[in-house]
There are 2 protein chains.
Amino acid sequence: MRNHRLLLMGLIMTTLTAPTVHADEGMWLPNRLPSDHLKATYGFEPTAQWIDHVRKSCIRFGRGGSASFVSPNGLIMTNHHVGATAIAKLSDSKHDYLHDGFYAQTRDGELSCEGLELFTLAEIRDVSKQIHDAIKPGMSPAEASAARDAVKSQIEQDATKETQLQPEIVTLYGGRQYHLYLYKKYTDIRLVFAPEQGIAFFGGDISNFEYPRYDLDVSFFRAYENGKPAKTEHFLQWSADGVSENDLVFVVGHPYRTQRIFTTSHLKLLRDVEIPMILSAYNQLEVELIQFRSEGAEHHRIGTDPLFGVQNGRKAFGGILAGLFDSHTMAQKEATQKSLQSFVQTDETRVAKWGDPWGEIEAAIKKVEDVFPAYYVSENRRMRMPTQFHVAKHLVRMAEELKKPDAERLSEYRDSKLDSIKRSIISTGPIYPDLEQLILTDALTRMGRVLGGDHAIVKAALGGQRPADRAAAILAGCKLGDQTERQRMLDGGSEAIAGSKDSMILFAKLLDGYARPLREQVEDEWESVEAAAYTRIAEAMYAKDGESVYPDATGTLRFSFGTVKSYTQQGKTIPHTTNIGGAFDLSREFKNAAPFNLPESWLRAEKKLSASTPFNYVSTCDIIGGNSGSPTVNRNGEIVGIIFDGNIQALIWDIQFEQEQARGVHVDSRAIIEALSQVYNAKALVSELQESKLASN
Amino acid sequence: MRNHRLLLMGLIMTTLTAPTVHADEGMWLPNRLPSDHLKATYGFEPTAQWIDHVRKSCIRFGRGGSASFVSPNGLIMTNHHVGATAIAKLSDSKHDYLHDGFYAQTRDGELSCEGLELFTLAEIRDVSKQIHDAIKPGMSPAEASAARDAVKSQIEQDATKETQLQPEIVTLYGGRQYHLYLYKKYTDIRLVFAPEQGIAFFGGDISNFEYPRYDLDVSFFRAYENGKPAKTEHFLQWSADGVSENDLVFVVGHPYRTQRIFTTSHLKLLRDVEIPMILSAYNQLEVELIQFRSEGAEHHRIGTDPLFGVQNGRKAFGGILAGLFDSHTMAQKEATQKSLQSFVQTDETRVAKWGDPWGEIEAAIKKVEDVFPAYYVSENRRMRMPTQFHVAKHLVRMAEELKKPDAERLSEYRDSKLDSIKRSIISTGPIYPDLEQLILTDALTRMGRVLGGDHAIVKAALGGQRPADRAAAILAGCKLGDQTERQRMLDGGSEAIAGSKDSMILFAKLLDGYARPLREQVEDEWESVEAAAYTRIAEAMYAKDGESVYPDATGTLRFSFGTVKSYTQQGKTIPHTTNIGGAFDLSREFKNAAPFNLPESWLRAEKKLSASTPFNYVSTCDIIGGNSGSPTVNRNGEIVGIIFDGNIQALIWDIQFEQEQARGVHVDSRAIIEALSQVYNAKALVSELQESKLASN
């Protein structure tokens, strides 16, 4: 332990003098790769064609994952855990595809995933000037925010008309730049292959965010258009060779969010207010879901997907929190901030241009931090709610929002997003009454635990009942489990909502009454101030450090790069790769007890499998949540693996990159082929992967 | 659900007009049984001899359970879950007696439980006058508190000299009365029999606080004196007949704590501050222990006892919290309080005598509630700490406290308690490094989550490290796992502590520096105010309602009574008893999967067991945590069962009794004999239970 600390100290000293970028740091915009750095460090200069091809092969999967096309016939590869929610929705009490796996031998057998939407990034336009021009001198942060919303709405509407693509305006560098991303959307997605969860998530919650690992965290889907497999011009070919240690690799996917630009006062808000609140919510729900899952086989099945989501979040936020308690991390953040502050404050022109955004953020936090608990609770932030509540909330809010001009609506109800929201209302997937009861009881209890029994929101939400009784009463009077009823309410618009006696609609209205003013306050006094301040911080950073600055993750496509690399932990070298034999060794060590129990199919196939086939490996590629399912490609743009996790040291990447010990964890492409061939006998799938050639080749 | 609510409403209306006692309400002092009520309601008048005999047969088991002597040779019966910590301490990686059970065929084979202490209540003296006389008019609450401590210390010291018994001064009716309890202590306790945890806790966490149940939650120990089985004049004989529905039964044990006297502002402090904080701590640790237990067989074994403790606490406090959100409960509490307030305020003499204790409590809460988080954290209240920390804390505090006169010490270091504390330092039971690491990491994380990273206590406790790293560093520099070292530090006294470089001692000193002023503040501004106010509330209650008032539970011996009785839930009658066949039915329904898996021994014995033997039953006896292991006796003072749980509706008994649905849950004495005979072939034990006769018979 002591040695590790010293190593880390040395590292910090280096980065303080050149505080911006480690060798492999950065989640780079597709149109801003650091070519000079890549050339200097790795002797590799990606061509525009290379970048364009990889970008168009990549997929944003559902609401928070990554994927890629891997054949010209719409075949999609992602993680098993990214596909898990869709796989769970396809399952019922007779077919548990999440637990048992699935393979469609022929295309006829591929299973349609209702409600699932995937996106590829077709085009990027810089709209910074249009948006900045909308802000006039003398506007308050709230006025500026409204003006920005108006011009964004116009840009999106124009783009939809012009291109028929799905527009999204992406705020970069904290508002220094705005890019319009135009997506091609796929809405007919079918499941092709999933292994058993036992091998996809071998080691379970214990092994999550750990390394060494032995997980086949992969699943395959297929995009269809007009009832036929989509013809995908851009897809990634399978590498014949795989990777070796020290190879340069790229991870291309959709990192959801990083917070590396955050000021120290903002990090303290995370550490002392937001993350503890989030972790308390996760801990409470995890305990309840674990109990729920032990109440019989069906509860076990339907509780599995929600439980893993909660466990994953708990571990991720717990890791960030632990890092924020480390005074070295905070000291480094403070030093970086002071260096930028001094760059600004020592020059009058810069002071005039950028002012004191750090102070503004600190002042805004003081104003709103006491509002956060009520805001989190009433807007259900980081709180799981029952499916029928989400439906009711959308219906209630749409009834109100659609009366307003596009730019004045709550941002999630802009015209550009309505189509997806309507689809989510109709195609909810199965609704399980027992799980709805558990989750609503949990949410009502949480409200009481956070705000206290005398808070107006809690009094209204509980109506003087015990949480479990209140949840039962609301669910008993709710008909939104019925798709026909959901369609009827959607078609009925604001009149239907106004007249509805559905108890969930009434409950959603009740909460909405408390949530709206709180949200408005947080948006006005915090989010718009924060946006304005980070814009100026980003401008100052850019002025100081130029091209070495990349924007924080925004859930949009980014390129990371790095090398496959072992690391040292407590004096021991952790090799860069594991192999298939290691999974069997570990299973034997634990007497094949959960979560180290290999599926039957693997136990049967042990003799056929080559034990030395590389299974998982680690790299220095800069990733974060949302990168799950990102293809790993080599210099030729060929698949050599797929990202599925980071080690525990990488959790701090949310706020700060380091590459001494922190690593991303990949499934090796060779393990995928070996398992598909030897365990699952998935010949057609293997052929499609290995034999698909680009038209241009 | 609706019907249940209406029934409850009806009940409330009744109790509001006669707000004090339901038919079977009350945890009665051994010298204050409500004889008139018992005679009127049940035609039973216990004689002084009956009470004395039962009292002297009852045992306080370790730090929070109940038990009884059941043979003249020191044989003790308690719950399996009460004995569990001792059973777990006897186990090691080769013998898991908690999981596998244990039976000593002969006395030679009985296993010595080092460090375990049991007590029987030999004598009770009323010392109210002595203590009240020490309080002079005009003293501030803090001065009164000091004066009280001084006279208490003197009484205890005198009693020890006179009787050689272990003294304890019990505060009753919130300080209206003080009784001196004198205990006979047994320190050589050996394990005789424990069933497998699988049947003792059949249904696990899911079934805890639920009914119907099928649990053999029983274990047997034996007290030794001078190396031989203790000759116990008082013990409870086994009933030949068992119980039937509507039978009057008594539960005699050590309810740990009720809070029924609490004012509404104090209940809101529980609901909005204390219980949410406690539940967050439990939720966090439960999640961590569940993960820990899945990391291999040894972790599973050593994590089991701590996990069940946490789960039990989480469920109990969760149930109280749910009840506190129920506006009917609060309305009833408010009505009772208003009625008493009006009794006081409408009479000038009463106002002069008792003032406004409700207002004083409310004012004191406002002063200290913000201090509670830091107080809880620094004094480790409701927070599990590593065993070696407890040792270090006692050593550090004893070094300081023993310099002071007895009356001025922190109350746990009075002379009367030193012997037990020293024993606990030496006989800690096994110390598991991995579990110590987990628990210390949990505690450090908790401190940060509760107080934030910039709080002085957190900064000091973490020393700028991640919680896991800091915990590892402290444990690496701690030698207190070694018994010789603990003895050496104990013998060395304050000099040894002052010179110690042991990192756990240093850590305990560090925390102690923060904890002492906070504890002093809470004791002065809250606990002494609260004690004085509740004394006056109790006096007013007594003046108003006379003999129908019983004091809140204090962890000392109490008699409860009630009848064996079915109840109605959601329109269905829940029968008063289950039978052994039901356990097999439930196990089959769950395909014998955990937590509904019967042990091998039971599966093998199914044919021999009589399926119709009553297994568990419910009664209206007024119980709470700490009553676990209490013997259930009939009018003849004979064993007809043993309390092991309450149903979910009984959790609210902590603050309010009701007997519509709330029930205590017992193991039927006939199931114990049937299982010992047919499953465990424990002939000697069965004979000792059934054939022991009182000398006087």
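## Contacts and fold of chain A

Two residues are in contact if their C-beta atoms, placed from the backbone, lie within 7 Å. In chain A, residues 24 or more positions apart account for 78% of the contacts with a separation of 6 or more.

This is a predicted model: local features need pLDDT of at least 70, side-chain atom pairs count only at pLDDT 80 or more, and totals for chains, interfaces and linings use all residues. Residues are numbered from 1 along each chain as its sequence is written, while chains are lettered from A and ligands numbered from 1 in the order in which they are written.

## Size and burial

The C-alpha trace of chain A spans about 65 × 65 × 55 Å along its principal axes. Chain A has 697 residues, so a compact globule would have a radius of gyration near 26 Å. The value for chain A is 25 Å, which agrees. This radius is taken over C-alpha atoms, and the globule rule is 2.2 Å times the number of residues to the power 0.38.

Buried residues make up 50% of chain A. Buried means that 20 or more other C-beta atoms, placed from the backbone, lie within 10 Å of the residue's own.

## Domains

An automatic or database assignment sets the domain bounds. Domain 1 of chain A covers 16-117 + 187-257 + 556-637 + 664-691, domain 2 covers 120-185 and domain 3 covers 264-541. The C-alpha centres of domain 1 and domain 2 of chain A lie 32 Å apart. Here 10 residues of domain 1 of chain A are in contact with six residues of domain 2 of chain A.

Key:
A residue is buried if 20 or more other C-beta atoms lie within 10 Å of its own, exposed if 12 or fewer, and partly exposed in between; C-beta atoms are placed from the backbone.
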